[in-house]
Amino acid sequence: MNFCEQSAIALAALVKTGAATAGAILEAHITRIETFDPLLNCFTDRTFTRARAEAAAVDSSIAAGKATGPLAGVPIAVKNLFDVAGLPTRAGSKILRKGKPAEQDAPILKQLINAGAVLLGALNMDEFAYGFVTENAHDGTTRNPHDTARIAGGSSGGSSAAVAAGFAPITLGSDTNGSIRLPAGLCGIFGLKPTYGRINRHGTFPFVDSFDHLGPFARSAEDLALVYDLLQNEDAATPSLHRKIDSKRVATLAGWFEEGAAPEMLDAVASVATAFGASAKVILPEAAIARASAYCITAFEGGQLHKHNLIAQPENFDPATRPRLIAGALQPAETIYQAQRFRTWFRAEALKLFDKFDILLAPATPCTAPLVGQKTMILDGKEVPVRPNLGLYTQPISFIGLPVVCVPVVSTGLPRGVQLIGAPASEGLLLAASALLQSMGTVAAPVAALA
Amino acid sequence: MAAEEIDTYLEAASLLLGLPIDPEHYAEIRVAFIVLRAQAAMIAEFSLPEDVEVAPRYTP
């Protein structure tokens with residue numbers, strides 16, 4: 001059996017029944033990482049010594065007949081903006097990597113370790129989470145396991161590529177403007193951006209306080225639901241995975257969320273709508289202004305957060321990050337004030353849609369994964385820069401904190417992700433919808449073939 | 001905002017906020033600022049009802 005192709009739930013079952021040891025599962029994953037990560041560049045820090053100790057502790061517990069958690073012996077890894085005991089929390093930067101090591105794990109990482117997980121290390125990202133490409137000037141580019149000439153997306157590119165590559169069945173990332181949904185879509189895996197405020201962000205490096213979310217990546221809807229359940233305390237997603245989905249309450253977002261999308265992305269959305277039997281289309285009004293508002297607030301808050309270092313050591317920033325942070329910090333207060341007022345209006349408009357619908361569909365990205373180093377792409381017949389435009393369809397949604405599961409739609413060619421967007425606190429329904437699509441064969445996340 | 005006005009604004013804002021711009025970085029910051037102003041113009045052009053308040057709330 002190839003342990004690296006198994007789900008987290010399957011691996012934990014093997015460990016709990018004695019069919020495999022946590023140690024053997026860990027070593028299989030370490031071997032795969034050592035073989036293929038030089039090609040992909042997912043890991044910035046490897047914590048294999050710690051992982052071996054954690055796996056040995058799980059195996060000892062099993063041998064002693066003690067209870068183990070639902071992630072017994074499951075290898076995991078986290079974006080390098082999570083505190084990991086003993087490592088500086090670099091957040092993709094040069095500036096922070098010489099800092100004092102974290103004294104303890106971030107609380108949500110600790111929750112997974114307490115459930116029996118084994119930490120493999122920390123993963124690459126765009127500097128300070130400000131980007132959609134994971135082409136990091138300090139740590140290099142993370143490549144897409146499905147086509148290594150292409151980007152994995154970002155900013156949680158290491159987290160998504162590691163799951164797609166079979167380095168770990170579960171990773172954690174963060175999403176401020178699309179940084180879970182976008183790389184999940186480009187790498188062909190599942191990603192969950194929960195409702196704003198749903199998961200404890202303590203022990204992670206911030207970006208934009210009122211947009212920042214944490215969440216998991218996985219290769220199955222069940223794994224995604226299990227990890228979500230472990231990380232939040234407000235309801236139980238796992239027992240509700242077999243919920244019925246009312247086709248009349250599923251709609252495709254038209255207008256902004258279709259304009260500019262490549263035909264294969266619209267096909268992916270259409271195949272999900274067809275699977276649900278949903279034909280309705282709706283408009284989320286003024287999504288372009290929502291995206292503009294998120295763009296300006298992000299640059300402003302990010303610029304203010306890093307202002308002291310932009311003054312003291314601008315030369316140590318990634319050249320892709322620095323100009324946007326400085327320009328952002330220099331914006332007039334009026335823009336930010338009006339953007340925050342618009343946010344109130346836009347949220348109210350979005351919530352009206354949920355009177356009639358439970359799930360809204362939209363592409364995760366306007367196109368499949370661009371090439372590494374690609375500067376421009378064609379959107380709606382126009383040549384536009386890659387970096388700011390990959391998040392066109394994710395930014396308006398995180399702007400108002402709605403929960404989203406990004407699902408990998410089965411297709412020939414490069415991976416393509418579709419956002420299942422729900423009302424606040426409807427993660428259980430979105431996870432059930434993802435499981436239904438998976439059972440129908442509409443979505444799937446096989447491990448990428450690497451050689 | 002005309003080209004020279006952008007330069008004037010950036011110079012003044014940089015001074016006012018105490019955030020100096022290295023001349024080597026100026027051109028790329030200027031480009032990023034122009035992109036932001038285009039986004040800001042979309043926000044400014046949208047007419048919001050007067051009673052709409054900012055999204056973040058202070059809770060005592």
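At 23% relative accessibility, A:G23 counts as partly exposed; buried means under 20% relative accessible area, exposed over 50%, and partly exposed in between, using a 1.4 Å probe and protein chains only. You'll find A:G23 in helix α2 (residues 22-40) of chain A, where helices (H or I, at least four residues) and strands (E, at least two) are DSSP runs numbered from the N terminus. Between A:G23 and A:A444 there are 421 residues of separation in sequence and 28 Å in space, C-alpha to C-alpha.

Keep in mind that this is a predicted model, in which local features need pLDDT of at least 70, side-chain atom pairs count only at pLDDT 80 or more, and totals for chains, interfaces and linings use all residues. Residues are numbered from 1 along each chain as its sequence is written, chains are lettered from A and ligands numbered from 1 in the order in which they are written, and side-chain values use heavy atoms, with hydrogens and water left out.

Now let's go inside. The largest nonpolar core has 175 residues, and A:F276 and A:L420 touch the most other members. A nonpolar core here is a set of buried Ala, Val, Leu, Ile, Met, Phe, Trp, Tyr and Cys residues joined through side-chain atoms within 4.5 Å. Helix α9 (residues 287-305) of chain A gives the most to this core, namely nine residues.

What about the cysteines? A disulfide is a covalent bond between the sulfur atoms of two cysteines, and the cut-off used here is a pair of cysteine sulfur atoms within 2.5 Å. Searching the whole structure turns up zero disulfides over all chains. For A:C367, the nearest cysteine sulfur belongs to A:C187, 13 Å away. A:C367 is buried at 14% relative accessible area, and A:C296 is buried too, at 0%.

Next, look at a hairpin. Strands β14 (residues 376-379) and β15 (residues 382-385) of chain A pair in the antiparallel sense over four bridges; for strands to pair, DSSP must find at least two bridges between them. One of the contacts links A:I378 to its bridge partner in β15(A), A:E383. Two residues sit between the strands, and A:D380 in the turn has a positive phi of about 55°. A:D380 is exposed, with a relative accessible area of 57%.

Most residues other than glycine have a negative phi, and most peptide bonds are trans. A:A129 also has a positive phi, near 65°, but A:A129 is buried, at 5% relative accessible area. Its place is the loop between β3 (118-123) and β4 (135-136) of chain A. The peptide bond from A:G154 to A:S155 is cis, with omega near 5°.

A pocket is an open set of points on a 1 Å grid over the protein atoms alone, where a 1.4 Å probe fits, with protein on both sides within 12 Å along at least five of seven lines; lining residues have an atom within 4 Å of a point. Volume is the space filled by probe spheres set on the points, which are joined across faces, edges and corners. The largest pocket has 28 lining residues, and A:Y295, A:A320, A:R324, A:R387 and A:P388 are the closest to its centre. The largest share of this lining, five residues, comes from α2(B). The second largest pocket has a volume of about 240 Å³, and its lining includes A:Y196, A:R343 and B:R57.
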